[in-house]
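Here is my note on this structure. Please read the points alongside the coordinates.

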Amino acid sequence: MEFTDNMLSVLYGYSLPDADDISRKLAEDFRNRRVERGLTREVVAEKSGVALANITRFEQKGLISLKNLILLAISLGYLQEIRDIFSAPKYSTMEELAQIRKNYGKKKAYTRKPHIDEEN
């Protein structure tokens with residue numbers, strides 16, 4: 001039975017994350033950081049400008065707007081972490097890295113389609 005449990009944990013690590021699970025984990029981590037600092041929800045609401053009801057909903061259900069998440073992150077001193085979330089390209093294969101390098105500096109992810117007049 002122990003081998004099966006180990007295999008399931010390995011397989012779980014390779015499954016794609018669920019957005020709801022990630023939002024609940026973010027909320028749990030936020031709550032932990034808030035409590036570690038000895039801050040009540042009311043104090044964080046005042047400091048961040050986020051309504052108390054929104055903080056409560058976030059901590060209980062993981063639901064929050066991006067703007068409010070940013071405000072909460074800033075209020076706890078996580079400005080750099082939230083600002084850098086998409087700052088560096090990520091890749092897991094050499095092909096992905098080559099694609100990133102090829103597209104570096106582009107403003108759009110698609111190529112222009114020729115007009116009907118240009119085809120002739």
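1. Ile 70 is found in helix α5. Helices are DSSP runs of H or I with at least four residues, numbered from the N terminus. Ile 70 counts as partly exposed because its relative accessibility is 31%; buried means under 20% relative accessible area, exposed over 50%, partly exposed in between (1.4 Å probe, protein chains only).

2. This is a predicted model: local features need pLDDT of at least 70, side-chain atom pairs count only at pLDDT 80 or more, and totals for chains, interfaces and linings use all residues. Residues are numbered from 1 along each chain as its sequence is written, and side-chain values use heavy atoms, with hydrogens and water left out.

3. Leu 66, Ile 70, Ile 74 and Leu 79 make a nonpolar surface patch of about 330 Å². Helix α5 (residues 66-75) gives the largest share, 3 residues. Patch residues have over 30% relative accessible area and no salt bridge, with nonpolar side chains joined within 5 Å.

4. Arg 34 sits in helix α2 (residues 19-36). Arg 34 is buried, at 7% relative accessible area. Its side chain makes a polar contact (N or O atoms within 3.5 Å, one able to donate a hydrogen and the other to accept it) with the side chain of Glu 59, at 2.7 Å.

5. Ser 48 belongs to helix α3 (residues 41-48). Ser 48 is buried too, at 11% relative accessibility. The Ser 48 side chain reaches the backbone nitrogen of Val 50 at 3.1 Å. Beyond four places in sequence, Ser 48 is in contact (heavy atoms within 4.5 Å) with Ile 55, Leu 71, Leu 72 and Ser 75.

Technical notes. Helix = DSSP H or I, 4+ residues; strand = E, 2+ residues; numbered from the N terminus. Patch = residues over 30% accessible without salt bridge, like charges linked within 9 Å, V, L, I, M, F, W, Y side chains within 5 Å. Areas by Shrake-Rupley, 256 points an atom, 1.4 Å probe, with all protein chains shown as cover. Salt bridge = Lys/Arg side-chain N within 4 Å of Asp/Glu carboxyl O.
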